[in-house]
Amino acid sequence: VCSLVAGARFAELAYSRRNLAGKSAAEGRWSRRTYPFMVALHSDVLTETLFRGGRPRRRWLVLLFGVQPLRAWVLWTLRSRWNARGAVTDDLEVETGGPYRYVRHPNYAVVAVELFALPMAFGLWRLAVRATAVNAGLLALRIPEEERLLSRRPGYTAHFARKKRFIPGLF
């Protein structure tokens with residue numbers, strides 16, 4: 001399970017780099033500062049789960065793998081506009097379809113579920129709580145700045161002003 005998740009993260013990092021290559025992009029100060037910590041957080045969760053995890057718990061594995069279609073939907077919808085850095089390219093067109101029809105940050109919602117569900121799937125509830133708390137802190141710094149950059153793009157404010165950040169109807 002950890003190998004599958006790690007493989008997906010490495011593929012996403014490569015995809016992100018390719019999507020940003022040669023493009024002019026604005027990246028907020030907090031996005032730049034939090035990015036290495038986000039990479040470290042994911043690495044820590046994967047490493048600790050791999051080496052300290054116990055017997056798999058089915059319900060948490062179902063949740064972990066159950067959110068993957070939403071991740072695929074995000075990637076499919078954004079295609080070359082998706083990146084892991086929170087950078088907003090100068091030519092970005094605001095996406096209002098797919099999961100963005102319902103919320104502003106579906107990818108961050110998927111990541112939050114993953115960082116909780118992976119350790120829980122192997123009985124590491126303290127790691128799950130710690131990872132969730134650290135991720136929430138990093139996102140609290142990163143998201144407002146990212147939204148300010150996005151609000152400069154035509155159509156962003158009009159479409160997302162009444163949309164929730166993560167879950168329709170919540171938060």
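Mentor: Start with E12 and R9, which form a salt bridge whose closest N and O atoms are 3.0 Å apart. By salt bridge I mean a side-chain nitrogen of Lys or Arg within 4 Å of a carboxyl oxygen of Asp or Glu. This is a predicted model, where local features need pLDDT of at least 70 and side-chain atom pairs count only at pLDDT 80 or more, while totals for chains, interfaces and linings use all residues. Residues are numbered from 1 along each chain as its sequence is written, and side-chain values use heavy atoms, with hydrogens and water left out.

Back to the pair: E12 and R9 are 3 residues apart in helix α1, so about one helical turn separates them. Helices here are DSSP runs (H or I, at least four residues), numbered from the N terminus. E12 is buried at a relative accessible area of 11%, and R9 counts as buried at 11% too. The cut-offs are under 20% relative accessible area for buried, over 50% for exposed, and partly exposed in between, with a 1.4 Å probe and protein chains only.

E12 has another partner, R71, with the closest N and O atoms 3.2 Å apart. R71 lies in helix α4 (residues 68-78) and E12 in helix α1, so this pair ties together parts that are 59 residues apart in sequence. Both R71 and E12 are buried.

A cavity, on a 1 Å grid over the protein atoms alone, is a set of points where a 1.4 Å probe fits but cannot get out, and lining residues have an atom within 4 Å of a point. The elements giving two or more residues to this lining are α1, α2 (29-52) and α5 (106-120). The space inside is about 70 Å³, a volume being the space filled by probe spheres set on the grid points, which are joined across faces, edges and corners.

For another salt bridge, go to E48 and R52, whose side chains meet at 2.5 Å, N to O. They sit 4 residues apart in helix α2, so again about one helical turn separates them. E48 is buried, at 15% relative accessible area, whereas R52 is exposed, at 51%. A search of the whole structure finds 12 salt bridges.

Methods:
On a 1 Å grid over the protein atoms alone, a cavity is a set of points where a 1.4 Å probe fits but cannot get out, and a pocket is an open set with protein on both sides within 12 Å along at least five of seven lines; lining residues have an atom within 4 Å of a point.
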